[in-house]
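Please keep the sequence and the structure in view while reading.

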Amino acid sequence: VIFVIDEAQRLAPETLEQLRVFSNVELPGQKVVSCIFAGQPEFLDTIRKNRALSQRIFLSHIIQPLTQPETEEYIAHRLTVAGRDEPIFTAAAVQEVFRLSRGNPRLINILCDQSLLIGYSTHLETIGPETVRETTKNVSLRLQSPSKNLAAAPKTEAEAGPPSPLTAAAVEPAPSEPPPQAAHATAFRRKTAYFGFAALLLLLALAAISWLNGGFRMASTGPPKAIAPAVGRDRSPEPEGKDADVVRLQGQVAELRKEKEDAEAHLGELRRSIETLENEHRQLAEIASRRNDAEARLGDAQKQIDRLTASASELKTFREKAVQLETAVSERDRKLAQVEQKIGELEKLLSQEKGVKDQMGVELSSRQAAIADFQNKLDAAKAAQMTLESDVQNVRSENARLQAQVRELKAGQPEGAPAPSPAPVSSAASGDEPDPAHAIEFLLKKRSK
């Protein structure tokens, strides 16, 4: 029989003591009842207070939160079950969900559900990290703050105890050093300001080029058209003042063309610089994402190391318990052998006692037959006694009658006459008709025989 008790942290100490007593029920060589407790980490404190029960627990495991790859697989699996094969959450959104939930499945469900609701209301095709961060305004649970850290330093791992799905979500980085996301955000703001300044310079350069192009058209197209008709109408030589203006204008045009070429060259350099900066920005973004992935992997590796360390300690404890169990099993086997030997001796004594009992039964039956025979003889003796008693009564009455006749005879005989001699009694007559005077003695003798 297996008991599975959920929400075990709600059990009272008295109930745990009853379960411990109930778990002692066992048969030779096997347990009858096994218990499995499932609950929050505070149940471990309750178990530690009950020393007798804690010594009977041979396995204890703490379910750790999901890692970032497991979070991605979990979200993809839930979307697949819902009927969506294409991804809805971007990689950055999944990373933000993992950062806010710290791998707690319930918080992952809440954040993703709120993000999908916001995406549906705003007609979004994909969910980004901004949408995930916006869901924190509608969630009443404590999450990892995306903008600021806690003022108080968090407890260490030894003080905080084993992480749980509910408490692990409230742990934040220490305020002694800023998180890597804040450093990346600061660098990104600096790069954005630099790119904005470069874009402003580019706009100023384009405005200058457009102004130069307008001035060049005015200088190159306007004056010759005004001069050409005058030359056609009047073939007289131009005055020296106008030639000087034309030469001066041509020099200005040449300077403007040179400035235009310089501006175009500078514009090309600016474009190449912008492209270089964009490439660097993309490379920095890739480096930042790789760094985040490396940090996440490092965190996963550290968690795996912690798990392996905990597993090693648990394995050592299991080995010690296994040695204790083997010792207890050997001791129990020895006692079981002694018990079996005693049972054999008892069975032998029982067989002997059974034989004696059978012999006594035979003797009892023979004695019962003898008692029945004696009873029959006793009944016959009682009948003979009753017959003798009736004969005694008859003899007594006859004796009384004879004594009365004797007295009558004595009374009627003369005084000088001799008394009649008693008739001789033969042995045969004594057997048939006894002397009335000795009748009682005769009957007593006969009865004694």
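A residue is called buried when its relative accessible area is under 20%, exposed when this value is over 50%, and partly exposed in between, using a 1.4 Å probe and protein chains only. The structure is a predicted model, in which local features need pLDDT of at least 70 and side-chain atom pairs count only at pLDDT 80 or more, whereas totals for chains, interfaces and linings use all residues. Residues are numbered from 1 along each chain as its sequence is written, and side-chain values use heavy atoms, with hydrogens and water left out.

## Aromatic pairs

Rings of Phe, Tyr and Trp (its six-membered ring) form a pair if their centres lie within 6.5 Å; planes under 30 degrees apart count as stacked, over 60 as edge-to-face and the rest as tilted. How many aromatic pairs does the structure hold? There are 2, and they are set out below.

| Pair | Centre to centre | Between the planes | Arrangement |
|---|---|---|---|
| Phe 3 and Phe 22 | 5.9 Å | 20° | stacked |
| Phe 37 and Phe 43 | 5.3 Å | 35° | tilted |

Helices (DSSP runs of H or I, at least four residues) and strands (runs of E, at least two) are numbered from the N terminus. Phe 3 belongs to strand 1 (residues 2-6) and Phe 22 to helix 1 (residues 13-22), so their pair ties together parts that are 19 residues apart in sequence. Phe 3 is partly exposed, because its relative accessibility is 31%. Phe 22 is likewise partly exposed, at 40%.

## Helix 5 and helix 6

Axes are lines fitted to C-alpha atoms, for helices over the stretch in contact, and angles run from 0 to 180 degrees between N-to-C directions. The axes of helix 5 (residues 91-101) and helix 6 (residues 105-121) come within 9 Å and cross at roughly 135°. Angles under 35 degrees count as roughly parallel, over 145 as roughly antiparallel, 65 to 115 as roughly perpendicular and the rest as oblique. Helix 5 and helix 6 are therefore oblique to each other.

A crossing is left-handed if the near helix is turned anticlockwise from the far one by less than a right angle, and right-handed if clockwise. The crossing of helix 5 and helix 6 is right-handed.

Which residues of the two helices meet? Contact means heavy atoms within 4.5 Å. Helix 5 contributes Val 97, Leu 100 and Ser 101, and helix 6 contributes Leu 107, Ile 108, Leu 111 and Cys 112. The residues of this contact comprise 6 nonpolar, 1 polar and no charged. In this classification Ala, Val, Leu, Ile, Met, Phe, Trp, Tyr, Cys and Pro count as nonpolar, Asp, Glu, Lys and Arg as charged, and the others, Gly among them, as polar.

Helix 5 is largely enclosed by the rest of the structure, because 8 of its 11 residues are buried. Among these buried residues are Val 97, Leu 100 and Ser 101, which also take part in the contact with helix 6. Arg 102 follows helix 5 and is found in the loop between helix 5 and helix 6. Although Arg 102 is not a glycine, its phi is positive, at about 55°. Arg 102 counts as partly exposed at 25% relative accessibility.

## Helix 4 and helix 6

The axes of helix 4 (residues 68-82) and helix 6 come within 11 Å and cross at roughly 55°. Helix 4 and helix 6 are therefore oblique to each other, and their crossing is right-handed. Thr 71, Tyr 74, Ile 75 and Arg 78 of helix 4 make the contact with Pro 105, Ile 108, Asn 109 and Cys 112 of helix 6. By class, this contact has 5 nonpolar, 2 polar and 1 charged residues.

## Further residues

Ser 115 is located in helix 6. Is Ser 115 buried or exposed? At 0% relative accessibility, Ser 115 counts as buried. Leaving aside residues up to four places away in sequence, Ser 115 touches Phe 89, Ile 127, Thr 131, Val 132 and Thr 135.

His 123 lies in the loop between helix 6 and helix 7 (129-135). His 123 has a positive phi of about 60°, although it is not a glycine, and counts as exposed at 69% relative accessibility.
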